[in-house]
Amino acid sequence: MPEIALHTELKPGSELEYEAVHRSIPSDVMAALVASGVRNWRIWRDGTHLFHLVDVEDYRGMRHALRDDPANVRWQETVGPLHARPDDYSGADEGLPLLWSLAGQLAGKDR
């Protein structure tokens, strides 16, 4: 399953609220993620910087499916204002480029 790394940034002062809303993800949001092909989504925080690792079959397809999904629209209304830059859900991005991978190196691949 492909992994997509993402970086987003929070507005200063919204860190604790962001963590609080992620303690209880609504079941319809989780169902929408799974239905759009997400196997796992992990988020790490360093200050206002968020680092995401998403296991998903088709990242652009997932973004397209979630853009107008009612559960995700409501979720984005909750978390969107906490971000320094709103997500337009265009799906045009590819995530962060992979720089290096131990597993890839051991397998004789560049990455």
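Seven salt bridges are present in this structure, which is a predicted model. Let me begin with Arg 63, which pairs with Asp 87 in a salt bridge whose closest N and O atoms lie 2.7 Å apart. This pair connects distant parts of the chain: Arg 63 belongs to helix α3, Asp 87 to the loop between α4 and α5, and 24 residues separate them.

Arg 63 also forms a salt bridge with Asp 93, at 3.8 Å from N to O. Here too distant parts of the chain are linked, since Asp 93 sits in the loop between α4 and α5, 30 residues from Arg 63.

How accessible are these partners? Arg 63 has a relative accessibility of 6% and therefore counts as buried. Asp 87, at 40%, is partly exposed, and Asp 93, at 29%, is partly exposed as well.

A further salt bridge joins Asp 68 and Arg 67, at 4.0 Å from N to O. Asp 68 is exposed at 60% relative accessibility, whereas Arg 67 is partly exposed at 30%. Through shared partners, salt bridges unite Arg 63, Asp 87 and Asp 93 in one network.

I turn now to the largest pocket, whose volume is about 930 Å³. Its lining comprises 35 residues, and those nearest the centre are Leu 6, Thr 8, Trp 41, His 52 and Asp 87. Which element gives the most to this lining? That is β2, with five residues. By type, the lining consists of 18 nonpolar, ten polar and seven charged residues.

Conventions: Residues numbered from 1 in each chain as written. Predicted model: local features only at pLDDT ≥ 70, side-chain atom pairs only at ≥ 80, totals over all residues. Heavy atoms only, no water. 1 Å grid on protein atoms, 1.4 Å probe; cavity = no way out; pocket = protein on both sides within 12 Å on 5 of 7 lines; lining within 4 Å. Points joined across faces, edges and corners; volume = space filled by probe spheres on them. Helix = DSSP H or I, 4+ residues; strand = E, 2+ residues; numbered from the N terminus. Nonpolar A, V, L, I, M, F, W, Y, C, P; charged D, E, K, R; others polar. Salt bridge = Lys/Arg side-chain N within 4 Å of Asp/Glu carboxyl O. Buried < 20%, exposed > 50% of the residue type's maximum accessible area, 1.4 Å probe, protein only.
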